[in-house]
Structure formats: C-alpha cells, structure tokens
Amino acid sequence: MKQLTNRSVADEFALGATGPGTWQARVDRTWRGWTGPHGGVLAALLVEVARRATGDELPVRAVDLRFLGRPVDGAFTFSATPQPIGRSTAVVDVVARQESGPVAAASITLGRTAPSSVPDRTARPAPGVAAAESCAAFRLPPEIVPVGAHFDIRPAAGPLPLTAAADAWMCAWIALDPPMATDAATLAILADALPPGIFPTLSAPIAVPTVAFSMHVHTDFTAPASQPVLVRAANTGTGGGWSVDDIDIWDESGRLLVSARQTRRVLG
C-alpha cells in the first residue's frame with residue numbers, strides 16, 4: 001500500500017498559469033464531496049498556487065482559508081498576491097473564482113527552514129494502531145460521495161461513521177488514488193478525507209459544510225513522506241448550528257506532518 005510518486009496536484013487538476021499572477025484548473029465530477037467539489041481539493045489548489053507564486057522555493061507553513069460561495073464542477077481561476085516578509089518568509093493571498101464570483105480565499109504563509117536553538121519536538125505523538133496492511137478497507141459510498149473513490153481508507157481506531165457511537169472521532173490510514181506526492185497540497189486533501197467528526201454519533205448523514213479551514217505544516221518535506229498517512233479527526237465541540245473538528249496527520253514513522261481545524265455549519 002505504500003505510495004511514492006512524483007505526480008502532483010497540478011498534474012491531476014491541470015493547473016497552469018494563464019498570465020502574471022493568475023492560474024486556472026479544472027475539477028471534474030469524480031472529485032465531488034457531499035454537495036459540490038471536495039473542499040480539500042480547493043484548499044490544495046490554493047496552496048499550490050501560493051507555492052508557485054513565490055517561485056517554488058519556500059516551504060508552506062500555514063493555511064488560513066475561508067469559503068465564500070458554493071463552488072460547482074468545472075473550471076476555477078486563481079489570482080495570487082505575494083506579500084514578502086523579509087528574506088525568508090512570505091504570505092500569499094489567493095482567491096479562487098468561478099463564473100458566479102469568488103468561491104474561496106486563503107492566506108498562505110511560506111517560510112524557509114533555518115537553524116534554531118530550540119530543539120525539535122512533537123507535541124502530539126501518533127496513536128498506537130495496527131499497520132495499514134492489517135486494517136480492512138472502508139469505502140465512502142460513491143453514489144453519495146463520489147470523491148470517496150479517490151481515497152483508500154483503512155480505519156485503524158475509533159468508531160465508524162453513522163454508527164450512533166458515543167465518541168465523535170475517527171482514525172484511519174488514508175492514501176490517494178490515483179497516487180500523488182505527499183506534500184502540503186495533497187495533505188490539505190487528506191485532511192478533509194474523513195467525514196465530519198460528528199458523523200460517528202449519527203445514524204444518517206446530514207449536511208455539515210466547511211466554512212473555514214486552517215492547516216499548520218510541521219515539516220518542510222526535505223525528508224520525503226509517503227502514503228498512506230495516519231489521519232485522526234476529532235470533533236471538539238458542536239452547538240448552535242456550528243461544529244469544530246481538529247485533524248492531525250502523521251506519516252508511517254510517526255512524524256507529525258500537519259495539524260488542521262475545520263469550522264462547519266450544521267444544516268441537518
């Protein structure tokens with residue numbers, strides 16, 4: 001199941017420059033989530049545009065994304081405005097648009113790796129679970145969530161979605177299909193691969209769209225990461241029609257790759 005590949009988000013979605021500071025990509029129906037194009041895919045494209053806008057030299061460090069409208073399948077255009085901060089850091093503001101207008105906007109922070117007197121540490125070690133090849137596959141129903149066909153999901157701990165469980169968290173090994181290189185962009189997709197954190201407590205699906213998404217990257221990928229990765233998604237609180245999930249992703253060696261948070265509306 002281990003995947004190492006050079007295929008990228010840009011390859012999968014035909015991302016290409018159309019002019020100074022502008023790019024275009026296309027997302028087909030196989031990448032649809034519950035109500036439209038998968039939110040993780042849109043986040044990944046915003047990240048990749050930001051990286052290209054700075055010349056591919058600075059590692060991605062943080063993502064702050066807001067969804068502004070309801071995207072649809074097809075073409076997206078992106079505009080990027082880099083804001084350099086000294087010689088080693090930059091913030092890139094990226095907007096994704098369709099014919100209806102802006103559908104998402106993000107501020108992406110990028111920064112060069114530098115020597116530090118503070119020792120490296122991982123605040124959240126990976127949970128002890130069975131290896132991916134020992135875990136049975138779980139498929140999101142493609143008739144409801146077409147994007148499920150692009151994920152190889154192997155639950156490793158916690159309850160399954162829609163089992164009316166007492167606990168609101170899930171933990172699974174996940175790889176992309178077709179395989180793509182493990183970087184900040186693809187990890188944005190994988191951070192949104194599992195259903196909303198409250199789904200294990202439910203017995204039937206409801207609409208819980210993401211309004212805001214943030215992600216913090218804990219590596220510069222000088223040591224490559226492979227897939228599958230271990231994804232743990234936990235609901236930290238739900239009330240008043242809003243729900244917040246925290247997501248952590250580790251590689252097979254136990255290295256924390258990213259941590260993310262999603263703020264969602266509960267429409268069911």
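Which residues does Ile 249 touch, not counting residues up to four places away in sequence?

Modeller: First, a bit of housekeeping. This is a predicted model, in which local features need pLDDT of at least 70 and side-chain atom pairs count only at pLDDT 80 or more, while totals for chains, interfaces and linings use all residues. Residues are numbered from 1 along each chain as its sequence is written, and side-chain values use heavy atoms, with hydrogens and water left out.

Now your spot. Leaving out residues up to four places away in sequence, Ile 249 touches Leu 187, Leu 190, Ala 191, Val 229, Leu 230, Val 231, Arg 255, Leu 256, Leu 257 and Val 258; a contact here means heavy atoms within 4.5 Å.

Ile 249 and Phe 78 have the most contacts inside the largest nonpolar core, which has 66 residues. By nonpolar core I mean a set of buried Ala, Val, Leu, Ile, Met, Phe, Trp, Tyr and Cys residues joined through side-chain atoms within 4.5 Å. Buried is under 20% relative accessible area, exposed is over 50%, and partly exposed is in between (1.4 Å probe, protein chains only). Helix H2 gives the most to this core, with 9 residues.

Helices (H or I, at least four residues) and strands (E, at least two) are DSSP runs, numbered from the N terminus. H2 lies across S2, S3, S4, strand S5 (89–98), S6 and S9, at about 55° to S6. For such angles, axes are lines fitted to C-alpha atoms, for helices over the stretch in contact, and the values run from 0 to 180 degrees between N-to-C directions.

Next, the sheet. Its 12 strands form an open sheet with antiparallel pairing, in the order S1-S2-S4-S5-S6-S3-S9-S12-S11-S10-S8-S7. Strand S1 (16–19) and S7 stand at the edges with a single partner strand each, so one side of each has no neighbour in the sheet. On average, neighbouring strands are turned by 25° against each other, direction ignored. Two strands pair if DSSP finds at least two bridges between them; S9 (residues 210–217) and S12 (residues 256–265) have 7. One of the residues of S12, Ala 260, is the bridge partner of Met 215.

Strand S11 also takes part in a charged pair. The side chains of Arg 124 and Asp 248 meet in a salt bridge, 3.1 Å from N to O. Arg 124 is in the loop between strand S6 (101–111) and strand S7 (151–157), and Asp 248 is in strand S11 (residues 242–250), so the pair ties together parts that are 124 residues apart in sequence. Asp 248 counts as buried at 11% relative accessibility, whereas Arg 124 is partly exposed at 37%. A salt bridge is a side-chain nitrogen of Lys or Arg within 4 Å of a carboxyl oxygen of Asp or Glu, and by that rule there are 11 salt bridges.

A cis peptide bond joins Gln 227 and Pro 228, with omega about 10°, and Pro 228 is in the loop between S9 and strand S10 (229–239). Another cis bond joins Asp 177 and Pro 178, again with omega about 10°; Pro 178 is in the loop between strand S8 (169–176) and helix H3 (184–190).
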